[in-house]
Structures are given as structure tokens and as C-alpha cells.
Amino acid sequence: MTEKINQNIINKIAYLIKSGNLSAAKKDINYALKKDSNSIFLLNSLSLIFFKEGKLNESIDISKKILLLDDNNVDALINIGNSLKEKGESKSALKFFLKILEIDKSNEYVNYNIAMIFYDAKEFNKAFEFFKLSKYADFNEKMMQCKYKIGHFEEFNSMLNNEINKPNISRTISSLSAHASVNLKQKDKYKFCNNPLDFIYKKNIDNHRFIKELIEKIDKMEIDNRNQDLLKNGEQTAGNIFEKADKHFSSLKEIIFEAINVYYKKFQDENNEFIRQWPKSKNINGWIINMSENGFLKPHIHEEGWISGTLYLKLPKKINDQGKIKFGIHGYDYPKLHDDFPSKTVSLDEGDIIMFPSSLFHETIPFQEEKRICVAFDINP
Ligand SMILES: [Fe+2]
């Protein structure tokens, strides 16, 4: 395949995508496609952008076009696999990923994705082996999760001991270590954030007009919804809402960064890695969660965040604990040897922004009336 576009354009597009400037990248791609409509690079870039924007069907369509030009194109196969997985079609995604291993057996990223599909299907032994092959991203943490989930606590503890001498900054290991300390009645030796329930902080942004405008904007937004196994009777947007060129989301970003600074000032003297290694450069990733009657979100942590939070735009009627956020040490169906796990339930008002270490489990208590709309975010190091 001959590429008729020059290297400068290729570099520029790759840079724009990497820095999150997706609309500018798309503009350049569409312009360049007029010169070379069969450029694999341009089509793969476009497919990736659609994926990042949550336009999963468009992403698949473009990648299928690439496969007509080059049926073994690994990037296109990966894009399709990722989009199918995101749509919740894991079995179809697995087929695409296994096909890639026929072309490139040691592809780390693909081995990892296959491991994740087995992990989600609760096939932890198979998942463990693919994570081990992958050596990709958080494969080590995932291997520990597999051992813990199967209940092989001795093997888990020996893996955990190996981690203590490394920088104690993994949110996943922190949550596992906290769980194991309660579950197995052992010391929590992992020093990311030992008592995460003490690090929950809430403040109200006190700006009704802004909240109202944000709700109106969200109502009008057209976006494919991400598959979210943890979420019941609700929808969650795909992609990063802060990557949109939009004045409300830009203002919201500033409001969140201000709140994060207040949070840091409050806890700055605490002696743990969560505060000591506080990220100097901060990236924000955000998504909208829209829940209707009987909606709830199962306990989870935000592995990729450092500090996480939620801004509440619309809440259901206050009946008992309905619609409140509950924090705790237990989640992800980790095996429990007893039920004595600490938790904290926090009541919420519209305009509240709540922040907590990303290693802390949290869930939404099911509610019966009306809607609950919030913007969740992670500050990533
Ligand atoms: Fe969350």
C-alpha cells in the first residue's frame, strides 16, 4: 500500500491524537483522506478516534474497510476487538483477538485483552495464564487478583510481600491488601493509603445555574453508551467528556481542579504514599452516569485514578439511604471469610462534589424514585 501523505502530516495527526485533540486530528485526517482514501494509517487513526469518542459502530465500520485492503492488519483487528468488547460482545471480541495471536503470537496487548475477557467471565485460572504471557500494563496486579479470587491466599500473600519493597502506589494492590487485612485478619503492610475511609471529603459547588445548564447540555448530548457490567438500570458515557471542546465541560474541569486543591490542602500532612506522591501533573478523565428507577452501581475502585470523585447534578428523593454513596473495603466479589467489613454511607445534595482515594471501594445504594445524574471523574498521575 503506497502512502501518498507525507511524514509531517502523519506525525502531526499522531501527536494530536496522543494529546487528546481529537477534533483537530479528525479534521486533518479527513483532509488527507481526499488525497489518499485508502491510507491504512489515516483509516486506523480515524477508527481509533471514533473508539475514543465512544462511536463504536463507526470505529468498527472503518476498521472493516481496512481489512478489505489488508486482511491481516493487526491495528484494525485490535480496533474491532476493542470496540466489540466495549459494546459488551466479548465472545465476538475474543475471536478477533485470537485471530491476531495467529499472526503475532507474543502480542502483549492482545494477550492482556484475552486475559481480561477470561477474567470478566470468572475463568481466573485461564486469565492468570494469559496475564502471565502478556507482561502488559497491570498484569502483575491482575495476577494477584486472580489468585485472591480463587482463594489461593498463601500464594497471594507471597506475591503481596514481593510488592512491599517496590513503590507502594498501586491502587489495586492497596485495595487487595486492605481487603486481605480485614478478611484474613492480618496487618495491612501496603502503604498507599491505609485507612482510606478517613480520606473522604465532600463540598458543595454552590452554583445552581451552572448545574442546570450542565443537565440541559447532558440531555442534548448524543453519545453511545459504554458497556458497564457494574451498573444496573443506568447508562454511562464512553470516552472522556473532558476531551470535548465545550465551554461547560471546560468550566467544570476548572471547578474540579479547584476542589482537588482544597482536598490536598486538607490532607497534606498525612503520612502515606497517596499524599506524599501526590501527582504533580494531573490528567482528568470524566464520564456521565445516568441512572433511573431501581438503578445502582456495584462496589468498585478506580484502578487508573489517583484520586476520584463525583459531582451530583440530580438526585432521587431522600428516602432512607436510597441513592446515597457507600464506601467500603469490600467489593469485586472478592471471597469473604466473614462479614465484618467496615463501611461508611454518605448522604448527598445536588451540587455536592465528593472526593476519595481511587483505591477505595464505593457503590450507589439502589433507589426507587426519579433520576440520578452525576459526573464521575479520575485525576490520573
Ligand atoms: Fe466509581
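Helices and strands in this tour are DSSP runs, numbered from the N terminus. The model itself is predicted.

**First stop: a loop residue.** Select D206, which is found in the loop between β1 (201-204) and α12 (208-220). Its phi is near 55°, a positive value in a residue other than glycine. Is D206 buried or exposed? D206 is exposed, because 9 other C-beta atoms lie within 10 Å, and a residue counts as exposed at 12 or fewer.

**Second stop: another loop.** Move to N320, placed in the loop between β4 and β5 (325-328). For N320, phi is near 50°, again a positive value in a residue other than glycine. N320 counts as exposed because it has 8 C-beta neighbours inside 10 Å.

Now select G305 in the loop between β3 (283-300) and β4 (307-314). With 23 C-beta neighbours inside 10 Å, G305 counts as buried; the threshold for this class is 20 or more. Leaving aside neighbours within four places in sequence, display the contacts of G305: S358, D378, I379 and N380. Then draw a distance from the C-alpha atom of G305 to that of E155, 150 residues apart along the chain; the separation is 27 Å.

**Last stop: the domains.** Colour domain 1 (2-105) and domain 2 (196-380), as given by the domain assignment. Their centres, taken over C-alpha atoms, are separated by 31 Å. The contact takes eleven residues from domain 1 and nine residues from domain 2. On the side of domain 1 that touches domain 2, there are two nonpolar, four polar and five charged residues.

Notes. Residues numbered from 1 in each chain as written. Predicted model: local features only at pLDDT ≥ 70, side-chain atom pairs only at ≥ 80, totals over all residues. Domains from an automatic or database assignment. Contact = placed C-beta atoms within 7 Å. Nonpolar A, V, L, I, M, F, W, Y, C, P; charged D, E, K, R; others polar. Helix = DSSP H or I, 4+ residues; strand = E, 2+ residues; numbered from the N terminus.
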